[in-house]
Amino acid sequence: MQHMSDVSVIGLGQMGVALTRALLEHGYRVTVWNRTRLKAESLVQAEAVLAESAASAVDASPVVIMCVVDYETADSILETKEVIAALTGRVLVQLSTGSPQQARESEAWARARNVDYLDGAIAATPVQIGKPNSTIFVSGAQTAFQRSESLLRSLAGNVVYLGEQIGTASAVDLAFLSYLFGSMLGFFHGARLLEAEGLHVASLGPMIADTAPAIGGMMKNSADAIARDAYERPESSLKICAEGVELLLRQAQEARINNEFPNLASHLFGKAVAAGYGDEKAAALIKVLRADAH
Ligand code: NDP
């Protein structure tokens, strides 16, 4: 079957525009659709085709990339008679950020309508799209990956196919985001600490960048310990880390600055010490998280 375009992109927010640009730069014929048509203007100048409706965008290409704010929005666009009819037999690549459960529900929806479904998560900002060191995680049917792989590789140098279990890409992405946001909170608290001590904050950025490889090594060791469930012979024990956290709390109290971040950390490390894990590796804190279910 002859298609008008190679790929259609639905959703032209910051990310959808960046994805479309990368596809155009790689010579793909791209059809786009967005609720606010104005956002397609610069892309149309770059030879993208603006579809009249989401259904005609879907109809234009064998592969449809969805990148809107969330799954609820994606569902509201997909759940019309015309879009469903056009999607049959096509590949739908969901690149909006969602949870593993949302990925499972979307796959079931797609399967029931004979749509080849791939769920992806973009671990990059819009300016990083199309660059060699950017990452996109995908999981889902092998057929869907094979049919969209070359397109996806034009969006990120590092496209990681995580297998057919549909929730994997989202779970890996959320695990990464958990690490990212946790470090952001620590970083912002550290910046506030320096401010309160009358010191320059600007130097904190380069200092963190310089130590990033060493921190990465620590995370690798922690992941290994958790996977083996083995926390003996620590180089720096959980107790030593807990004492460092208590110092953060003490400084916050002495300097009268916001103490919510050290309080949270102190609460979790304190529980781990109280549970008797003080002489183990810091990664033993996972046992506290495993014990707490809400
Ligand atoms: P934007 O806020 O820039 O764009 C949101 C998109 O969703 C627009 O296309 C918007 O359409 C559409 N949208 C929102 N509400 C509705 C609605 N009710 N009906 C129809 N369309 C709607 O977000 P981004 O482009 O940055 O993000 C898109 C996805 O990419 C998100 O899931 C995000 O998590 C993910 N992502 C973004 C990253 C980033 O750094 N920006 C990084 C990694 C992932 P309209 O233009 O009409 O408002």
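Reader: Leaving aside its neighbours within four places in sequence, which residues is I122 in contact with?

Author: Contact means heavy atoms within 4.5 Å. Setting aside neighbours within four places in sequence, I122 is in contact with M15, L19, C67, L95, I129, T135, I136 and D173. Before we go on, this is a predicted model: local features need pLDDT of at least 70, side-chain atom pairs count only at pLDDT 80 or more, and totals for chains, interfaces and linings use all residues. Residues are numbered from 1 along each chain as its sequence is written, and side-chain values use heavy atoms, with hydrogens and water left out.

Reader: How many helices and strands does the protein chain have?

Author: Helices (H or I, at least four residues) and strands (E, at least two) are DSSP runs, numbered from the N terminus. Here the protein chain has 12 helices and 8 strands. Its C-alpha atoms fill a box of roughly 65 × 40 × 30 Å along the principal axes.

Reader: What share of the 294 residues is buried?

Author: Buried means under 20% relative accessible area, exposed over 50%, and partly exposed in between (1.4 Å probe, protein chains only). In this chain, buried residues make up 40% of the 294.

Reader: Which residues have the most contacts inside the largest nonpolar core?

Author: A nonpolar core is a set of buried Ala, Val, Leu, Ile, Met, Phe, Trp, Tyr and Cys residues joined through side-chain atoms within 4.5 Å. The largest one has 33 residues, and L19, I65, L95, I122 and L155 have the most contacts inside it. Elements giving two or more residues to this core include β1 (7-10), β4 (63-66) and α7 (142-153). Its largest share, 6 residues, comes from α1. Another core lies apart from it, with 25 residues, among them A57, I77, L78 and V83.

Reader: How many aromatic pairs does a search of the whole structure find?

Author: Rings of Phe, Tyr and Trp (its six-membered ring) pair if their centres lie within 6.5 Å; planes under 30 degrees apart count as stacked, over 60 as edge-to-face and the rest as tilted. The search of the whole structure finds 2. F145 and Y161 are stacked, at 4.5 Å centre to centre with 5 degrees between the planes. F145 sits in helix α7 and Y161 in strand β8 (residues 158-161), so this pair ties together parts that are 16 residues apart in sequence. F145 counts as buried at 8% relative accessibility, while Y161 counts as partly exposed at 24%. The other pair, F187 and F188, is edge-to-face, with 6.1 Å centre to centre and 75 degrees between the planes. F187 is partly exposed, at 28% relative accessibility.

Reader: Is A252 buried or exposed?

Author: A252 is buried, because its relative accessible area is 1%. You'll find A252 in helix α10 (residues 238-255). Beyond neighbours within four places in sequence, A252 is in contact with H189, I257, N258, N259 and P262.

Reader: What is the phi of R233?

Author: R233 has a positive phi of about 50 degrees, although R233 is not a glycine. R233 lies in the loop between α9 (204-228) and α10, and counts as exposed at 70% relative accessibility. R256 also has a positive phi, near 55 degrees, and is a residue other than glycine. Look for R256 in the loop between α10 and α11 (260-274); R256 is exposed, with a relative accessible area of 78%.
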